[in-house]
Amino acid sequence: MRQILIEPSLLSANFANLERDIKLCEEGGADLLHLDIMDGCFVPNITFGPVVVQSVKKVTRLPLVCHLMIIKPELYIEDFISAGANYISIHCESQFHINRTLQQIRSYGIKAGLALNPGTPLEFAYENAEFCDFILLMSVNPGFGGQSFIPSFLRRCEQLKDFLTKEGLENVLIEVDGGIKASNVREVVAAGADMIVSGSGIFDGDIIQNLKEFKEKIKKI
């Protein structure tokens with residue numbers, strides 16, 4: 001049976017009470033914590049860097065997934081690993097040598113992921129899947145939280161899942177990020193997603209109850 005991992009995105013948490021929100025995520029049964037790293041160049045927003053990742057690591061037992069939406073991520077891999085990242089994803093367009101950077105991440109003994117924007121051809125994933133532990137399919141255009149889910153993601157996810165299965169790469173997980181809520185998580189998982197990132201879908205309202213609802217929806221698939 002597939003294990004579906006629920007991954008609250010801290011971009012939507014209350015930063016005045018971040019430790020409290022992290023503890024509620026743990027209590028609600030979250031599997032991972034997602035940190036969106038934005039530099040204001042690769043995407044039109046600035047969030048946080050290794051210092052915040054390090055602070056989060058000190059107050060949680062959950063593995064940290066660092067989604068690097070930055071240019072030249074290869075220059076900062078070691079910084080994020082030292083800060084406590086357990087998973088790191090990079091975008092196809094963020095550097096010239098994709099599989100070199102993926103192998104760089106793996107060389108530290110952590111999970112490496114390749115991120116594709118909604119308009120990025122799936123061929124990038126096909127060509128680099130063997131160097132990945134997970135592939136992130138964005139279901140919104142990156143840069144801001146609270147965006148609406150792009151329905152064409154479902155077709156892309158199904159196609160990627162079929163490719164991984166045919167190539168014997170079932171161990172490569174599919175992560176999805178953008179506009180995921182309890183109301184659509186079932187169809188996202190049914191399309192082949194293994195790692196579910198949600199920001200406002202978890203942090204708007206009762207965090208524990210929202211996580212419980214996510215898990216209940218997934219159980220029914």
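The model is predicted. Across the whole structure, a search finds 6 salt bridges. Side chains of opposite charge can pair when their charged atoms come close.

One of these salt bridges joins the side chains of Glu26 and Lys23, with an N to O distance of 3.8 Å. Both residues belong to helix 1 (residues 18-28), where they are 3 residues apart, about one turn of the helix. Glu26 is buried, at a relative accessible area of 13%, whereas Lys23 is partly exposed, at 38%.

A further salt bridge pairs Asp31 with Lys215 through their side chains, at 3.9 Å from N to O. Asp31 is placed in the loop between helix 1 and strand 2 (33-38), and Lys215 in helix 9 (residues 207-219), so this pair ties together parts that are 184 residues apart in sequence. Asp31 is partly exposed, with a relative accessibility of 22%, and Lys215 is partly exposed, with 26%.

Asp194 and Lys161 also form a salt bridge between their side chains, at 3.2 Å from N to O. Because Asp194 sits in the loop between helix 7 (185-190) and strand 8 (195-198) while Lys161 lies in helix 6 (residues 153-166), the contact ties together parts that are 33 residues apart in sequence. Asp194 counts as buried, its relative accessibility being 4%.

Notes
Residues numbered from 1 in each chain as written. Predicted model: local features only at pLDDT ≥ 70, side-chain atom pairs only at ≥ 80, totals over all residues. Heavy atoms only, no water. Salt bridge = Lys/Arg side-chain N within 4 Å of Asp/Glu carboxyl O. Helix = DSSP H or I, 4+ residues; strand = E, 2+ residues; numbered from the N terminus. Buried < 20%, exposed > 50% of the residue type's maximum accessible area, 1.4 Å probe, protein only.
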